[in-house]
Amino acid sequence: TVSKHVLIEELEKSQMKQEILPFKIGDTIKVSFKIIEGSKERIQDFEGTVIARKGSGLNETVSLHRVAYKMGMEKTFLLHSPKVVKIKVMRQGRVRRAKLYYLRGSYGKKSKVRALVE
């Protein structure tokens with residue numbers, strides 16, 4: 001007999017995406033995701049700094065923060081969702097924290113993350 005946990009893992013593994021790019025906290029990424037409005041479907045981009053990455057497997061989420069019109073926005077995406085079309089790394093950041101929640105109340109120069117220079 002096969003345990004329930006093994007069956008659930010196999011089912012989750014079949015639904016996970018294989019082509020997710022490796023990115024870290026502090027990187028600026030662009031997420032293209034599907035928006036369904038009535039009978040129409042379109043793709044919208046959201047570009048922001050990765051401030052948190054939580055979960056594992058099928059339940060992994062990533063939180064992005066960006067400042068537009070002096071207003072901070074935050075959006076959380078399920079990485080393996082069918083609505084997420086693609087993820088592109090725009091620039092790599094250099095940080096010394098696992099979560100960048102301190103960026104939430106900041107804008108302008110305060111909300112910048114240093115670029116990774118190799």
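Guide: What follows is a series of questions and answers on this predicted model.

Visitor: In what order do the elements of the protein run from the N terminus on?

Guide: The protein, whose C-alpha trace spans about 60 × 40 × 25 Å along its principal axes, has 1 helix and 5 strands. Read from the N terminus on, the order of these elements is α-β-β-β-β-β.

Visitor: Are the rings of Phe 33 and Phe 77 stacked, edge-to-face or tilted?

Guide: A search of the whole structure finds 2 aromatic pairs. In the pair of Phe 33 and Phe 77, the ring centres lie 5.2 Å apart and the planes meet at 55°. Planes under 30 degrees apart would count as stacked and those over 60 as edge-to-face, so this pair is tilted.

Visitor: Which residues form one aromatic cluster?

Guide: Phe 33 and Phe 77 are both buried, and their rings pair with each other. The cluster also includes Phe 46, so that its members are Phe 33, Phe 46 and Phe 77.

Visitor: How far from the ring centre of Phe 46 does Arg 66 lie?

Guide: Two arginines are placed against phenylalanine rings: the charged end of Arg 53 sits over the ring of Phe 23, 4.2 Å from its centre, while Arg 66 lies over the face of Phe 46. For Arg 66, the distance from the ring centre of Phe 46 is 5.4 Å.

Visitor: Is Thr 61 buried or exposed?

Guide: Thr 61 is found in strand S3 (residues 61–68), and, leaving aside residues up to four places away in sequence, Thr 61 touches Ala 52, Arg 53, Lys 54, Thr 76, Phe 77 and Leu 78. Its relative accessible area is 18%, and under 20% the term is buried, so Thr 61 is buried.

Visitor: How far apart do the centres of the positive and negative side chains lie?

Guide: The accessible surface of the protein comes to about 8,600 Å², with 53% of that belonging to carbon and sulfur atoms. The protein has 26 positive and 12 negative side chains, and the distance between the centres of the two sets is 10 Å.

Conventions:
Residues are numbered from 1 along each chain as its sequence is written. This is a predicted model: local features need pLDDT of at least 70, side-chain atom pairs count only at pLDDT 80 or more; totals for chains, interfaces and linings use all residues. Side-chain values use heavy atoms; hydrogens and water are left out. Rings of Phe, Tyr and Trp (its six-membered ring) pair if their centres lie within 6.5 Å; planes under 30 degrees apart count as stacked, over 60 as edge-to-face and the rest as tilted. Buried means under 20% relative accessible area, exposed over 50%, partly exposed in between (1.4 Å probe, protein chains only). A charge sits over a ring if NZ of Lys or CZ of Arg is within 6 Å of the ring centre and within 35 degrees of the ring normal. Helices (H or I, at least four residues) and strands (E, at least two) are DSSP runs, numbered from the N terminus. Contact means heavy atoms within 4.5 Å. Accessible areas come from the Shrake-Rupley method with a 1.4 Å probe; for residues, only the protein chains shown count as cover. Lys and Arg count as positive and Asp and Glu as negative; His and the chain ends are not counted. The place of a charge is taken as NZ of Lys, CZ of Arg, CG of Asp or CD of Glu.
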